[in-house]
Amino acid sequence: MEMDAVTALLAAAVGAGTPLLYAALGEILCERSGVLNLGVEGMMLVGAVCGFLAAVETKSPGAGVAAAMLAGGALAAVHAFMTVTLRVNQIISGLALALFGTGVSSYLGKHLIGVPLPVTPGPLPIPGLADLPVVGAVLFSRDPLVYASYLLVPTAWFWIHRTRPGLHLRAVGEDPATADAAGVNVYRVRYAGILAGGMLAGLGGAYLSLFYAPCWVENMTAGRGWIALALVIFAVWSPLRALAGAWLFGGIEALGFRIQVLGAVVSPFFLKMLPYLFTIAVLVFFTAWNRRRRIGAPEALGLPYERE
Amino acid sequence: MQPPLVEMRGIRKAFPGVVANDGASLELRAGEVHALLGENGAGKTTLMNVLAGLYRPDAGEVLIGGRAVEIRSPGRAIALGIGMVHQRFKLVPGFTVAENVTLGMKEPRFVFHPRSIEDSIGAFARDRGLPVDPRARIRQLSVGEQQRVEIVKALWRGAGILIMDEPTAVLTPREVRELFGVMNRMAAEGKAVVFITHKLSEVMEIADRVTVMRHGRRAATVEKAGTSPVELATLMMGRGHKAPACDVHAGQPGPVVLEALDLEAEGDRGERALRGLTLEIRAGEILGIAGVAGNGQRELAEAIAGLRRVTAGSIRVGGTDVTNAGPARAIDAGVGYIPEDRLGTGLAAGMSVAENLIMKAYRGAELSTGPFLRRGRTVEWSRRLAERFRIKTPSLDTPVSSLSGGNAQRVLLARETASRPKLIVAAHPTRGLDVAATDHIRAILREQRRAGSAVLLISGDLDEIMALSDRIAVLYEGEILGTFPCAGADLERIGLMMGGVRTSGPAREGTTVPSCMRRHGRLRTK
């Protein structure tokens, strides 16, 4: 009995962590290019509502996912135009899009509240692996988007550290003037990073409305976009650590639900606070441990680039 | 006749408020080292930035091998075989050497195998006499090594035309010799090497031909063999140039103002930058610090200005202990500070001339009442200073960032000397300035000495130190190896000490004679 409760909690942690993971991976790609995108929350919401709408209309979860990515990417394109082309302050543009995304998703989703998803995509156990004790249930009896996130993590790592476009991405985030002089198109790389970030944020939102919930509720991300931003720092801009962080933060969220149900002593508000507390702890730890280098943030993060 | 490898004709490039190039031209031949000589501000770097694709010219044309080309971007320049080593290296500090060298290249196509790329870059560099560890991160390397990385980067891209912007400014004499060896070798392989400089001796040593620039255009192109330093100096400055002599100071120095005792401090990378440094300066005296850059100059200046913690030793200014007291108390004790990084540390670049001028005096009753600035008085105050220091600016509300280097430096000196400081720490006060501004800055420092200030002068230019100082202290690896009166100073001995040779003999005033042998290796942080 005890074992089942733990397994269930771990499984819930992976489920709750998956939207965080997608959004955080997207934000890592974006921030690695030197652009801070505070609009993740808005992009997740727009992704969630557009994905749900498309899935209801076409009766295809796949189309929903595609629509969510397009919607998140569209909002990110605005951010890219503002921050890269017009060189607007990234914080202002990002905050504006977070607010805009929240508002527009409520508007678009007005008639979707209470509407059931015509096709509910169920879990797709992987033959063989799904029968393993504990891990089988936690990791290998999930829906396709969870599996895709497993693949995306090493892919993102490999992309960033072992490919030419990844080298350019990092260079643009570290030192855009140098990258420019070396013949890298700084604007193009940043646009690509921001768009990828927005699409993955949209995908994270779609996971919520199509798989996790599955339904549309106004403001259903409930701050997950902000947790994803904290997660990027927690992960020190590394996709591998983002996976661990996402499941940890997901676990905290899952624990919160269970504690509420059990009526236990720990306040759910305290648990909601934990991801941010962890992030601050990581910041303090890394800063103290490696004071001479900035904790691993891209050097040019937040700075608009303009050729002199 | 074969057309020249590169031909630039009638290049014009203007920036807001400045015309950097106007009708500039240049021809480069394959297989030559071509010196581009001129005062600071003559437009040398701008012209080369046009060739390297960083700037787009407002007018004029560029021909490569006789064909007109449009160099719209650095990427295009690289494709045309043009590589440039900028004065401020364009290297990503957190990247490895190999990552920097391959950055922006078409190869590798997609997957980046660190191991194999590192090995081939290491071998490539070694073959060209530019040994460098391809796995090292840029921030771990010395300036000389970073420059080698820049050259390797250009050659790896197949540069047939290599532009080097003041490459010797940051190098030790030994590294300069090595660099000249590399340049000759590249020329012998048929490449064109452009060497931007304002040092006549280097031109005479290395160049095959010289193009002298003045006021944004070419003054002349001459064969090195058919010219002389005097002719070049005349072309460069339009007038004769006298070597500065030692400035003999008439008055007797007063009481001790700065007393630094056994200072120890760490540099930015945690290396031991100051190692038991001791010196004193009296009122009405200029002490020049001679030494190759990177031997603790910056750390010394910052420690005195209260910007860097010392780990041991003490600093007293005018009898007040200011050891690790922070900048505010250093200022109160009477320290004026001219940092080497004027627009970064010295001035708030985005703020106006007037705001920068009052930035230190605003707390006084003359300029403020409680928390409020007295607008009329601050305007009057800055107007007076701007006049006294001949600051040329469109208005007092102009941001300092749009002033020329000389005028920005005048703003800084005006502010730092306005409060009649007891001690002025001047780090490279004339670096990058033209002759007129240099003369003016030096005159201001002399005037401060006459008024009774003590001046600590840090400079990379021995001529400047000779021209201003009453005494010269040689700094090497964070220690003062010896102090000499300027008059009758033994230049050869100073030169040896700057290279780390500790001459024995009777200890002179302020001389530190080590009692034991010490390590000479530089600390390097991982």
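Which residues of E21(B) are buried on one side, and which on the other? On one side they are Arg471(B), Ala473(B) and Leu475(B), and on the other Ile472(B), Val474(B) and Tyr476(B). A residue is called buried here if 20 or more other C-beta atoms lie within 10 Å of its own, exposed if 12 or fewer, and partly exposed in between, with C-beta atoms placed from the backbone.

Colleagues, a word on conventions. This is a predicted model, in which local features need pLDDT of at least 70 and side-chain atom pairs count only at pLDDT 80 or more, while totals for chains, interfaces and linings use all residues. Residues are numbered from 1 along each chain as its sequence is written, and chains are lettered from A and ligands numbered from 1 in the order in which they are written. Helices (H or I, at least four residues) and strands (E, at least two) are DSSP runs, numbered from the N terminus.

Let me stay with strand E21 of chain B, residues 471-476. Six of its six residues are buried, so the strand is largely enclosed by the rest of the structure. In general, the side chains of a regular strand alternate between the two faces of the sheet. As to partners, two strands pair if DSSP finds at least two bridges between them. E21(B) pairs in the parallel sense with strand E13 (residues 285-290) of chain B, over four bridges; there, Leu287(B) has Arg471(B) as its bridge partner. E21(B) and E22(B) form a hairpin with two residues between them, and Glu477(B) in the turn has a positive phi of about 45°.

Strand E13(B) also leads us to strand E20. Those two run parallel and are joined by five bridges, with Ile289(B) opposite Ile458(B). Strand E19 of chain B likewise runs parallel to E20(B), through five bridges, and Ala426(B) faces Leu457(B). Five of the five residues of E20(B), residues 454-458, are buried, so this strand is largely enclosed by the rest of the structure. Ala454(B), Leu456(B) and Ile458(B) cover one side, Val455(B) and Leu457(B) the other.

I turn to the domains of chain B, whose bounds come from an automatic or database domain assignment. Domain 1 spans 6-237, domain 2 spans 246-334 + 420-526, and domain 3 spans 346-418.

Helix H14 (residues 405-418) of chain B comes next. Its 14 residues reach 20 Å from first C-alpha to last, close to the 20 Å expected at 1.5 Å a residue; the expected span is 1.5 Å times one less than the number of residues. Of the 14 residues of H14(B), 12 are buried, so the helix is largely enclosed by the rest of the structure. The cover over those buried residues includes helix H13 (375-388), strand E19 (423-427) and H15 of chain B. Just after H14(B), Arg420(B) takes a positive phi of about 50°.

Finally, the cores and the chain contact. A nonpolar core is a set of buried Ala, Val, Leu, Ile, Met, Phe, Trp, Tyr and Cys residues joined through C-beta atoms within 7 Å. The largest has 161 residues, and those with the most contacts inside it are Ala24(A), Leu231(A) and Phe195(B). Helix H9 (residues 186-212) of chain A gives the most to this core, with 15 residues. Apart from it lies another core, of 76 residues, among them Leu412(B) and Leu445(B).

The contact between the chains takes 19 residues from chain B and 17 residues from chain A. On the chain B side, helix H2 (residues 74-79) gives the most, with three residues. That side divides into 11 nonpolar, four polar and four charged residues.

Terms used:
Two residues are in contact if their C-beta atoms, placed from the backbone, lie within 7 Å. Ala, Val, Leu, Ile, Met, Phe, Trp, Tyr, Cys and Pro count as nonpolar, Asp, Glu, Lys and Arg as charged, and the others, Gly among them, as polar.
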